[in-house]
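Keep the structure in view as you read.

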2 protein chains.
Amino acid sequence: MAGDQTVKATRRDLLSMIGMAAGSAAMYRAMTTLGLAAGSDYAGPIRLDGDPKGASVLVLGAGLAGMTAALELRNAGYEVKVLEFNERPGGRNWTLRGGDTYTELGGARQSCGFAPGLYLNPGPWRIPYHHRALLDYCRRLGVALEPFVQLNHNAYLHSASAFDGRPQRIRAIKADLQGHVSELLAKATQQGKLDEAVSAEDKEMLLHALRSWGALDDDYAYKASLLTSAYRGHAKDPGGGPGAAPTPSEPLGLSEVLRSRLWRYLQNFSAIEFQTTMFQPVGGMDMIGKAFGRALGEVIRYGAKVTRIQQDGGGVTVTYADAADTSSVAQEKADWCVCTIPLSILSQIPIDVGAPMKAAIDAVPYLSALKVGLQFRRRFWEEDEAIYGGISYTDLPIGQIAYPNAGMNGGGPGVLLGAYTFEGANGYEFASMAPAERVARVLDIGAAIHPQYRAEFDNGIAVAWHRVPFTLGCAGNWSEEARAAHYDDLCRIDGRIVLAGEHASYLPAWQEGAILSSLDAIGRLHERVVGG
Amino acid sequence: MAGDQTVKATRRDLLSMIGMAAGSAAMYRAMTTLGLAAGSDYAGPIRLDGDPKGASVLVLGAGLAGMTAALELRNAGYEVKVLEFNERPGGRNWTLRGGDTYTELGGARQSCGFAPGLYLNPGPWRIPYHHRALLDYCRRLGVALEPFVQLNHNAYLHSASAFDGRPQRIRAIKADLQGHVSELLAKATQQGKLDEAVSAEDKEMLLHALRSWGALDDDYAYKASLLTSAYRGHAKDPGGGPGAAPTPSEPLGLSEVLRSRLWRYLQNFSAIEFQTTMFQPVGGMDMIGKAFGRALGEVIRYGAKVTRIQQDGGGVTVTYADAADTSSVAQEKADWCVCTIPLSILSQIPIDVGAPMKAAIDAVPYLSALKVGLQFRRRFWEEDEAIYGGISYTDLPIGQIAYPNAGMNGGGPGVLLGAYTFEGANGYEFASMAPAERVARVLDIGAAIHPQYRAEFDNGIAVAWHRVPFTLGCAGNWSEEARAAHYDDLCRIDGRIVLAGEHASYLPAWQEGAILSSLDAIGRLHERVVGG
C-alpha cells in the first residue's frame, strides 16, 4: 500500500476481481436453490391480461379492498365506479387528528383536540413485514413507512394481582423466565433425567445452548450477576469516571414469575403477525387510504349509502341514498359488481344473491374493540421512564397502553393509545358509555400504571367499534365452524356479484387480507369476463 | 346518549370526573413508590454552580466527550477552546456519504460513491434507549432520531457448517429452540423429574407457562401445526378467497438446531445494549457531531494535531501542528486541560503527567474492527427476501450483514453494511489488504448468503479501524486486570489535566460512555476550580 492511491471500488472493477461474472438469472436460480425466496401468498402485481371489451364494474366501498379492485380493474380497461358511504377514502383505514370530528351511532359527536402532527389510528395501526401486497401498494403509491415498535423491552407487563400491582419491565420477565427455564432444564440434563429424550452428543450441546441462551453461570445457575443483569437490567447502571461500575440486579424468583402469569404476554412479541420489522405509514395509517383515493380521483362517489343491490342476467343495479340526506335516492348500473361492504352492514341490505351466499353473509359476527387516544402535555413515558414506543400489556380492562412510535425523544406533547381492548373480554361495557366517560374510565384505570396520567392529561377521544356507523364492529370474527360451512360460498361469484374484503380472506382483520381477497376476487371476475 | 351531543374530553373536565386532583409532585412520588423511575447513571443536565472567575480550559479532541465538555464549561462561564485533528467535528461519530473521501494510514484514499441520501456510519451506528445522556443531548441539540432495527425475525442466522450452508430465518431458529426446550422441560415436569426443584403448585403453573411460551400442543409437544407456524412461519402463507388457507411448516429437529450452533446468536438481540427500542439519527450518526459542532462554532480549531502537552503550577501549554502541514507549529495555553484524545494516540504524545496516569494511558490496547459499506443498485434484500432492516449473523469472516433502517420499502438503490467484524477474531487480516480488495473479499464472502450480491453490486467503501489516523482502533479494550490496576489512575485529575472519553468509562466503545466520562471529569474539575 505504497503512496497515495485513489481507490473507488465499483461494480465493474470488482466483478472480475471476485472471479465471478454470472448474470442476474443465474443469481436468482442460486437464491431459489438456497430457499431464500420470501414466503408470501402475494405473487407480485396482478396481471389481468385480455380485453374486458368495455365491461363496467361497480365497486361498493372505498376501503382498501374496494380501492384495490377499482385501481386494478381500471388499469385493465374496465369502466369503474366506486360508491362509498363516508366522505373520505379508506374505510377502516382511518386516522383522527386535531380538528377532526367523529359522530358515532347514537349521535354522540366528538371533536379531536390533538396538537398538530399527533394522531390516533382507530383501526389498523401496524403492518407486518410479510404483508407483501400492502407493502407493494405502499411502494407503488409512494406512501412512506417507518418502523412500528411492537416489543419494547423497557415497557411494562402488569397484573393487578401480581407484584402488589407494580408494573414489571418486559426485559425482566423475559430474561427471568428464560433463565429459570434454562436452569431447570440444564440441571435435569446434568442429573441424567433427560437421557431417554436426548442423545449423549446432543446433551453436551444442549448444555452449551442453555448456558448461552439462559445467561447461566458455569454451574448452570441463573442468579444475580453482571451476566444476568446484561439482559434484565442493572441495579446501578454503568457510568463514566471513577466509582461508576455497574452493580447487578436481583432476578425475580421462578415462583414469582410463574404466579404473576405475566409470561402469558411474552408470545405477543413473537407471533409472526407481530414480529420485527413492523411498519406504520409516516403521519398516520390513512396516508394509504388517501394515496389510493388520490389515484382514483373522480372514480369514487363519496357520501353514498347503499340501500339495495339487484342483479339479473343483464347486469347489476345498486340503489343508494345520499348519506347526509337519505331521502335523496339514486341508482347506478354496471355489468358487474365487486361488493366490499362489511358483512355487518351488508347483512342488513337487500341483495339479490343465492341462498348459500346470503347464508354466508349472515353467518359472521363482528368483533368489537375499543381504542382510546389520550393526549398528554408531555411525553412522560419517554422523559421519566425511558419508554420509547412499544406496548405495555395489563390485565386491567384497558388491555394495553401503546406509546407513539413517531416523534420519539423530540419533546412536546404526545398521544398514546390508552386502551385497546375487545368488548366483553373483561366485563367492561365501554360501548355503552358516553365517549367522555370512556376516556375518563381509561384515564382512571391507566393511572395504576402511569400515575403521571392525572397531572399531564390534556384531551382524549374514544372509538368503540360497535358504534362505528360504517362497520358496526372492527372485523369479521369467523368461527372455525362458520368458516367450514360458509367461507367458500361467501367467496364464490354469484351471478354478477363477487364479494371482497378482510372477511373473505384467511387474514381476518388485516389490511393485507382485504387486498389479497380483492385481488383474488377480481382475478376470478376477470377470467369470467374475458372467458365468457 | 340522546341526540347530537358534542363532547370533547379535556383535562380540566376529566380530572374532576375521575375524582382525583392530585398535583404533579404527588404523582412523581407515586411513580417513585411504584419503582418506575428509569434506571440510568445519567441524572439529567449537569449543574456547574459557582463562578469559575474567568478560568480557561483547553479541550483536546472534538469528539462527543470533548464537545460535551466544551459546551458545558462554556455555559458555566469558562473561557473554552477546542483543538481537533480532523477537519470536522465528531471524531468516531462519523458518517461517509457520496462525494466524501477518506485517506487511511498508509495513504490509501477512497472516494465514496454512494447515491444521495445513502450512507455508512463507520463508527457508532445505534443508540440504546437507556443511553439517557446521549438522548438528552440529541433532544437539546434538535437531532431527530428514528428506530434502529437490531432484531429482524426475517433476517438470517448462517453457519457455513450447518444446514449445508443455507441461511436460516431467525424466526425459525428462535421459535424452534424455545419450543424444543419447552417440550423437554414440560415432559420432564410431567414425569415427576422436577419434583425436587419445583413445588406442586408451581409445577402446574410451569406447565401452563411452557405451553404458552413454547407454542406446545395439549400434549406438550412442539410439532408442525398452525400454532407453531404462527411463530416460525408457514409453509404456505394465508391469502384471500377460496383455497387460500395457510399450511403448517415443519420445525427443525432439536438435534439440528443444537448442532447448527446458530442459537449462539440469539442473545445478541436480548442484551440490554441491543434491546428495543434502539435509535439512529435521521440521515446518519454524524448529525449528532455536526449539531455539537454548530453549537460550538469558532470555539473549535480544526486541523490541529497535538504534539506535546505540558503543565506546571501555572497552567497548561499544548503544542500542535497543522494537520495538513506538520511543519507549521503553534501553541495554546490555558489554566486547565480536558484531554479526550484516544489512548492509542495519546500514548504516543509527550505529556507531563505523573507515572500512574502515564502507566494507565499506556495500559489499554485498542480494538480493531472492519466496516464495509456496499451499495447495490436495488434493495434486493427487501424486494426478494422481505428483509427490512436488522442484522443477519454468520460465522463467515464478515461477521454480519446489516440492512439499512431508513428508506425501507421505498425502492431504489441501498447501502448495506457488508461486514462488521473484529480484526483477528476470524483469522482474516482485512486491515492488511488494500481497500478495494477488502470490498471484493466481503462481496465474495457475502454472496454465500445473498447471491444477488454479484449482479446488483454498484460500489463500496471499507474502513479498517486500525488504519483510521485519528484513533488507530475503534475503542479502548480494557481487560479486567488493566481496569483494576489503572482505571482510577486514568480518571484522576493530574495537576491541571483530566482525561475523558469512552476509555474513561464503564461503557467502553459507546458514545454514552464518552459523554458520561466527560460530565464526570468536568464536574470534578469544576469543583476544584471553584473550591480552590
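How many residue pairs are in polar contact across the interface of chain A and chain B? The rule finds 37, with both residues at pLDDT 80 or more. A polar contact is a pair of N or O atoms within 3.5 Å; within protein, one must be able to donate a hydrogen and the other to accept it, and residues adjacent in sequence count only if both atoms are side-chain atoms.

This is a predicted model, where local features need pLDDT of at least 70, side-chain atom pairs count only at pLDDT 80 or more, and totals for chains, interfaces and linings use all residues. Residues are numbered from 1 along each chain as its sequence is written, chains are lettered from A in the order in which they are written, and side-chain values use heavy atoms, without hydrogens and water.

Salt bridges between chain A and chain B number 4. The term means a side-chain nitrogen of Lys or Arg within 4 Å of a carboxyl oxygen of Asp or Glu. One pairs A:Arg259 with B:Asp202, at 2.8 Å from N to O.

Now take the whole interface. In chain A, 154 residues are in contact (heavy atoms within 4.5 Å) with 154 residues of chain B. The two chains bury about 12,700 Å² between them, 63% of it on carbon and sulfur atoms. That area is the accessible area (1.4 Å probe) lost on putting the two parts together, summed over both.
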